[in-house]
Amino acid sequence: MIIAPSLLAANFARLEKETRRVNASGAEWLHLDVMDGHFVQNISFGPAIVKAVRPFSKLFFDVHLMCSKPEILLEPFAKAGADQIDIHVELGDQVTPLIWKIRSLGKKVGLSINPPTSMAAVEPFLSQIDCLLIMTVNPGFGGQAFITETLPKIQQAFAWRRDKNLNYHIAVDGGINFITAGECAHAGADTFVAGTGVFGFPSLTRAVTKMRKIVEKNAREDFKFDASKGFLLA
Ligand code: DX5
Ligand code: ZN
């Protein structure tokens with residue numbers, strides 16, 4: 001199970017300190033939300049910030065591009081220190097060349113899907129990706145309420161992974177707290193992006209530890225079986 005605190009919920013006036021805090025929290029990934037004010041109605045930060053915080057963390061940097069033109073951003077984020085770059089399936093025809101470009105930069109590939117988009121859109125790409133990032137809120141802002149109707153998508157992603165013998169991570173992003181993380185783990189998620197749900201506590205380490213216990217306890221039996229074969233665990 002992977003816990004991925006989202007820097008979007010950190011104190012932007014103290015990014016070095018916040019990045020160090022995540023690094024020491026026991027989390028495996030740092031999730032970095034990039035918003036362009038066009039694909040979503042908010043602007044967050046660009047490659048310069050990723051580059052600036054990179055020296056303060058050894059964690060796996062998961063860069064989530066909520067951007068209309070990711071093609072102009074892939075190289076800058078790869079150079080800035082991304083380990084994985086997530087693009088959105090809503091970009092349609094651009095998805096295949098974007099996946100190739102991310103691979104050619106030597107980075108892991110994440111594919112993200114918004115709540116209103118059908119899972120049929122991601123199915124053709126499943127064998128080409130390292131992570132399926134299922135949005136459990138409409139992207140753009142931290143602190144929104146989890147959309148329960150997205151849970152069947154997690155079950156679908158889990159069934160496809162098992163039936164097609166694939167090994168992408170199933171990540172959830174948005175409104176993930178101690179309750180919804182358990183529900184998502186039960187549905188089959190293995191990677192939990194959380195902003196407010198962990199940064200909202202005085203001790204990030206305790207929040208990450210608590211979330212990990214909850215998702216491990218709620219993990220599907222068949223996930224544990226897969227995990228025993230060494231499947232999926234990072
Ligand atoms: C939503 C972003 C999320 C965000 C989650 O647009 O993609 O990663 O940081 O924030 P919380 O956990 O506060 O919903
Ligand atoms: Zn995100």
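**Close-up views of a predicted model**

**View 1. The zinc ion (ligand 2) and the spacing of its donors.** Along the chain, the donors of the zinc ion (ligand 2) are spaced as H-x1-D-x30-H-x108-D, in a structure that is a predicted model. Asp33 belongs to strand S2 and Asp173 to strand S7 (residues 169-173), so this pair ties together parts of the chain that are 140 residues apart in sequence. The coordinating atoms come from His31 (NE2), Asp33 (OD), His64 (ND1) and Asp173 (OD), and they lie at 2.0 to 2.3 Å. The site of the zinc ion (ligand 2) is octahedral, with angles of 69 to 169 degrees among its 6 donor atoms. Asp33 has a relative accessible area of 5%, and it counts as buried because that value is under 20%. Asp173 is likewise buried, its relative accessible area being 8%.

**View 2. The largest pocket and its lining.** The volume of the largest pocket is about 320 Å³. Its lining is made up of 28 residues, of which Gly142, Gly143, Gly174, Gly175 and Gly195 are the closest to the centre of the pocket. At least two lining residues are supplied by each of strand S2 (29-35), strand S3 (60-66), strand S8 (191-194) and helix H7 (196-199). By residue class, the lining divides into 13 nonpolar, 13 polar and 2 charged residues.

**View 3. The salt bridge between Asp83 and Arg54.** A search of the whole structure finds 12 salt bridges, and one of these is formed by Asp83 with Arg54, whose closest N and O atoms are 3.1 Å apart. The two residues link distant parts of the chain, with Asp83 in the loop between helix H3 (74-80) and strand S4 (84-88) and Arg54 in the loop between helix H2 (47-53) and S3, 29 residues apart. Asp83 is partly exposed, with a relative accessible area of 24%.

**View 4. The salt bridge between Lys101 and Glu75.** In the pair formed by Lys101 and Glu75, the closest N and O atoms are 3.7 Å apart.

View 5. Arg103 forms a salt bridge with Asp130, the closest N and O atoms of the two being 3.0 Å apart. This pair, too, links distant parts of the chain, for Asp130 is in the loop between strand S5 (108-113) and strand S6 (131-135), whereas Arg103 is in helix H4, 27 residues apart. Arg103 is partly exposed, with a relative accessible area of 36%. Pro97 also lies in helix H4, and it is partly exposed, with a relative accessible area of 48%.

**View 6. A network of salt bridges.** Arg162, Asp163, Arg220 and Asp222 are linked with one another in a network of salt bridges. Side chains of opposite charge can pair when their charged atoms come close.

Terms used
Residues numbered from 1 in each chain as written. Chains lettered and ligands numbered in written order. Predicted model: local features only at pLDDT ≥ 70, side-chain atom pairs only at ≥ 80, totals over all residues. Heavy atoms only, no water. 1 Å grid on protein atoms, 1.4 Å probe; cavity = no way out; pocket = protein on both sides within 12 Å on 5 of 7 lines; lining within 4 Å. Points joined across faces, edges and corners; volume = space filled by probe spheres on them. Helix = DSSP H or I, 4+ residues; strand = E, 2+ residues; numbered from the N terminus. Nonpolar A, V, L, I, M, F, W, Y, C, P; charged D, E, K, R; others polar. Salt bridge = Lys/Arg side-chain N within 4 Å of Asp/Glu carboxyl O. Buried < 20%, exposed > 50% of the residue type's maximum accessible area, 1.4 Å probe, protein only. Donors = N, O, S within 2.8 Å, 3.2 Å for Na, K, Ca; no water. Tetrahedral: all angles 85-135°; square planar, octahedral: opposite > 155°, others 65-115°.
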